[in-house]
Amino acid sequence: QVQLVESGGGLVQAGGSLRLSCAASGGTFSNYAMGWFRQAPGKEREFVTAISRSAGSTYYADSVKGRFTISRDNAKNTVYLQMNSLKPEDTAVYYCAARPYWVVADKYEYNYWGQGTQVTVSS
């Protein structure tokens, strides 16, 4: 029902910045809480950040607090992830995800997923 497409990944030096975008279609975007997750090779997919339907609440993993910012534009059906002060350990495939209504940090609670976009941070 909901299709998600991430973009904006790439290669960046440590200390640099990237802005990821996730475009949604096939549903009423404002009815969905949105999250970003990431997965490095050989590791579990992990929570990065999430935002509530009206952007009144945001949540961040401790590893990215103060460096990453999630935002959304419901008029554009898009959620963003601004990543600053990037570190090599941020290297992963980043996934956008959606679930109806209530915002949560549990990856198993999300119903829809994008294909992922690669972020590589060099030292």
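## Two hairpins around β5

In the hairpin of β4 and β5, six residues lie between the strands, written as 6 in the count used here, and G42 takes a positive phi near 75°. This is a predicted model, so every value below is computed from it. Strand β4 covers residues 32-39 and pairs with β5 in the antiparallel sense over 5 bridges. Within this pairing, M34 has I51 of β5 as its bridge partner.

On its way to β6, the chain makes another hairpin, again with 6 residues between the strands, and here A55 takes a positive phi near 70°. Strand β6 (residues 58-60) runs antiparallel to β5 and is joined to it by 3 bridges; A50 stands opposite Y59 in β6. How many residues of β5 (residues 46-51) are buried? The count is 5 of the 6, so β5 is largely enclosed by the rest of the structure.

For β7, the partner is β8 (residues 78-83), joined to it by 6 antiparallel bridges. In this pairing, D73 stands opposite T78 of β8.

## R72, a buried arginine

R72 lies in strand β7. Is this arginine buried or exposed? Its relative accessibility is 11%, and it therefore counts as buried. Its side chain reaches the backbone oxygen of S52 at 2.9 Å, and a polar contact of 2.8 Å joins it to the side chain of N74.

Leaving aside neighbours within four places in sequence, the residues in contact with R72 include F29, Y32, M34, I51, S52, A55 and T78. F29 is 43 residues away from R72 in sequence, while their C-alpha atoms are 9.9 Å apart.

## The nonpolar core

The largest nonpolar core has 35 residues, and those touching the most other members are L4, M34, W36, F68, V79, M83 and Y94. At least two core residues come from each of β3 (18-25), β4, β5, β7, β8, β9 (92-100) and β11 (117-122).

Take Y94 as an example: not counting residues up to four places away in sequence, its contacts include W36, F68 and M83, along with E6, R38 and V119.

Side chains of opposite charge can pair when their charged atoms come close. The model has 6 salt bridges. One of them joins R38 and E46 at 2.7 Å, N to O. R38 is buried, with a relative accessible area of 6%, whereas E46 counts as partly exposed at 36% relative accessibility.

R38 also meets D90 in a salt bridge of 2.9 Å, N to O. D90 lies in the loop between β8 and β9 and R38 in strand β4, so the pair ties together parts that are 52 residues apart in sequence. Both D90 and R38 are buried. Which residues make up the salt-bridge network here? R38, E46, R67 and D90 are linked in it.

Another salt bridge brings together the side chains of D62 and K65 at 3.0 Å, N to O. D62 counts as exposed, with 65% relative accessibility.

Methods
Residues numbered from 1 in each chain as written. Predicted model: local features only at pLDDT ≥ 70, side-chain atom pairs only at ≥ 80, totals over all residues. Heavy atoms only, no water. Pairing = 2+ DSSP bridges. Helix = DSSP H or I, 4+ residues; strand = E, 2+ residues; numbered from the N terminus. Buried < 20%, exposed > 50% of the residue type's maximum accessible area, 1.4 Å probe, protein only. Contact = heavy atoms within 4.5 Å. Polar contact = N/O pair within 3.5 Å; in protein donor to acceptor, adjacent residues only side chain to side chain. Core = buried A, V, L, I, M, F, W, Y, C linked by side-chain atoms within 4.5 Å. Salt bridge = Lys/Arg side-chain N within 4 Å of Asp/Glu carboxyl O.
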